[in-house]
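Trainee: I'd like to learn how to read salt bridges in a structure. Can you walk me through some?

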Amino acid sequence: MRYTCRMYQRARSAEAKQRRAEDLLDAARAIAADHGGVRHVTLAGVTEVASLHPSAVRRYFASKEELLLELAERGWNQWRDVLVDLLRGAPERTPAQIASTMSSSLASLPLFCDLLTHVPLSLEGDVDIDRARKYKRNSFAAYDAIVEAITANSRLTTSQAEALITAALAMAAHLWQISHPTETLAALYAQEPRWAHAALDFEPRLSRLLQATAAGLMKEPERAIDAV
């Protein structure tokens, strides 16, 4: 996606400040989409795209990590909304169908899949405790809603649904990165095709692995599984 820059004077009203924060988030999204992922997002780049002075961003976000964590938090809400909408009103789903629906819903949110790697690696640990608490509170609220939607529309129990979500998050984080290689790795795979199997299509591989996980969970004895 392309983001259209606009020139601003300093925001004064609460509404203007909120709009400015949204513009910074839009700029980060655009950089991630246009340049190969959130690893390329910098505060300098964000302020340039949003046509702001570099010092201005810290009036809205204390750091790049805080800005990206905000996008990850919103990603949780987006995943909840997409998945709940896909499951709403449908006949009872088999575990394999639930797994497939989870895969397609995640594939529809590329920025969220990219951020899944970075949240535990750096983002939530590199903000202040109040911001980390807000992220945890809101992401777990979305998580609980996803668990409820899965159990309401399938024969998966709560602990099985939680385990499937844990697997989906871990697999999506890993598979997204290897299926979107850097320029260096893409060039390497072109030279060494036998290594390119690691960069297969994201959604088909995620769906296959999640369906196998769901089938295995249905065969296991019921037990509590802590969420990650």
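Mentor: Let's go through the salt bridges here, pair by pair. Keep in mind that this is a predicted model.

Trainee: What should I look for, and how many salt bridges are found in the whole structure?

Mentor: Look for a side-chain nitrogen of Lys or Arg within 4 Å of a carboxyl oxygen of Asp or Glu. A search of the whole structure turns up 15 salt bridges.

Trainee: Which residue does Asp 23 meet in a salt bridge?

Mentor: Its partner is Arg 19, with 2.9 Å from N to O. Both sit in helix α1, four residues apart, which is about one turn of the helix.

Trainee: Where do Arg 74 and Glu 22 lie?

Mentor: First, their side chains meet in a salt bridge, 2.8 Å from N to O. Arg 74 belongs to helix α3 and Glu 22 to helix α1, so this pair ties together parts 52 residues apart in sequence. Arg 74 is partly exposed at 24%, and Glu 22 is buried at 16%.

Trainee: Which residues are linked with them in a network of salt bridges?

Mentor: Glu 70, Glu 73, Arg 131 and Lys 134 are in that network along with Glu 22 and Arg 74.

Trainee: What about Asp 85 and Arg 88?

Mentor: They form a salt bridge too, with the closest N and O atoms 3.2 Å apart. Asp 85 is partly exposed at 49%, and Arg 88 is exposed at 55%.

Notes:
Residues numbered from 1 in each chain as written. Predicted model: local features only at pLDDT ≥ 70, side-chain atom pairs only at ≥ 80, totals over all residues. Heavy atoms only, no water. Helix = DSSP H or I, 4+ residues; strand = E, 2+ residues; numbered from the N terminus. Buried < 20%, exposed > 50% of the residue type's maximum accessible area, 1.4 Å probe, protein only.
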